[in-house]
Amino acid sequence: MAQGFIRTLIAALATVAALAGPLVVHAQIPLKSPSWSELSPQEKQVLAPLAQDWDKLDGARKQKWRGVAQRYPGMHPDEQQRLERQMQSWAQLTPEQRRVAREQYKSLKALPPDKKEEVRQKWEEYQNLPPERKRELEARPSKNGGRPMAPMRAPPPPPPPPPPRSSPASDAPR
């Protein structure tokens with residue numbers, strides 16, 4: 001799989017997971033698995049990108065997404081827009097692409113802080129590449145022998161804002 005594509009997926013998953021918060025599931029307690037028609041109008045509006053696949057999701061995933069929909073009204077408009085873009089991108093992935101993205105996210109989450117920072121820096125470098133170069137990288141097979149994936153149909157999420165720069169006066173030696 002193309003490294004750029006996987007990095008985009010990881011970033012999208014990290015954001016959705018951060019917004020979703022922790023989910024505790026006990027194997028003995030089955031989660032209610034509502035059908036699409038059982039969702040509230042507000043939940044349907046927020047979760048619209050997932051409508052086509054909703055009834056194929058397991059109970060735990062449905063509950064996670066319902067939690068996202070419930071927190072949505074309290075989010076800042078920028079967060080809402082980012083979430084909408086990421087849900088649209090996620091909805092366009094095949095089940096296999098989603099599985100791979102989840103595995104990548106789990107492995108990224110398990111990295112030590114210095115390695116996470118290295119991945120973040122590489123992601124920023126990738127984001128700064130010209131579009132032609134990104135397409136070249138997406139077309140290359142991944143290092144693990146997979147074949148290249150088609151680029152995502154929806155645009156990837158925007159990169160995080162750069163850290164604030166200090167003024168030249170504050171950089172001067174004292």
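**Side-chain contacts**

Tutor: This is a predicted model. Gln80 is buried, with a relative accessible area of 17%.

Student: Where is Gln80 placed?

Tutor: Gln80 is in helix H4, residues 77-91.

Student: And what does the side chain of Gln80 reach?

Tutor: The backbone oxygen of Tyr72, at 2.8 Å. Leaving aside neighbours within four places in sequence, Gln80 is in contact with Tyr72, Pro73 and Met75.

Student: Switching to rings. How many aromatic pairs does a search of the whole structure find?

Tutor: Two. Trp36 and Trp54 form an edge-to-face pair, 5.9 Å centre to centre with 70° between the planes. That pair links distant parts of the chain, 18 residues apart: Trp36 is in the loop between helix H1 (3-20) and helix H2 (41-46), and Trp54 is in the loop between H2 and helix H3 (59-71).

Student: Is Trp54 buried or exposed?

Tutor: Buried, with a relative accessible area of 0%.

Student: What about Trp123 and Tyr126, how are those rings arranged?

Tutor: Trp123 and Tyr126 are stacked, 5.7 Å centre to centre and 25° between the planes. They are about one helical turn apart, because they are three residues apart in helix H6 (residues 113-127). Trp123 and Tyr126 are both buried.

Student: Which residue lies over the face of Tyr126?

Tutor: Lys134, at 5.4 Å from the ring centre.

Student: Now salt bridges. How many does a search of the whole structure find?

Tutor: Nine. One of them joins Asp53 and Arg98, with the closest N and O atoms 3.0 Å apart. Asp53 lies in the loop between H2 and H3 and Arg98 in helix H5 (residues 95-109), so this pair ties together parts that are 45 residues apart in sequence.

Student: Are Asp53 and Arg98 buried or exposed?

Tutor: Both are buried. Asp53 and Arg98 are also linked with Lys56 in a network of salt bridges.

Student: How far apart are the closest N and O atoms of Arg99 and Glu103?

Tutor: 2.3 Å, in a salt bridge. Arg99 and Glu103 are four residues apart in helix H5, so about one helical turn separates them. Arg99 is partly exposed at 36% relative accessibility, and Glu103 is partly exposed at 45%.

Student: And which residue does Glu136 form a salt bridge with?

Tutor: Arg133, with the closest N and O atoms 3.1 Å apart. Both lie in helix H7 (residues 131-139), three residues apart. Glu136 is partly exposed at 45% relative accessible area, as is Arg133 at 33%.

Terms used
Residues numbered from 1 in each chain as written. Predicted model: local features only at pLDDT ≥ 70, side-chain atom pairs only at ≥ 80, totals over all residues. Heavy atoms only, no water. Phe/Tyr/Trp six-rings, centres within 6.5 Å; stacked < 30°, edge-to-face > 60°. Helix = DSSP H or I, 4+ residues; strand = E, 2+ residues; numbered from the N terminus. Buried < 20%, exposed > 50% of the residue type's maximum accessible area, 1.4 Å probe, protein only. Lys NZ or Arg CZ within 6 Å of the ring centre and 35° of its normal. Polar contact = N/O pair within 3.5 Å; in protein donor to acceptor, adjacent residues only side chain to side chain. Contact = heavy atoms within 4.5 Å. Salt bridge = Lys/Arg side-chain N within 4 Å of Asp/Glu carboxyl O.
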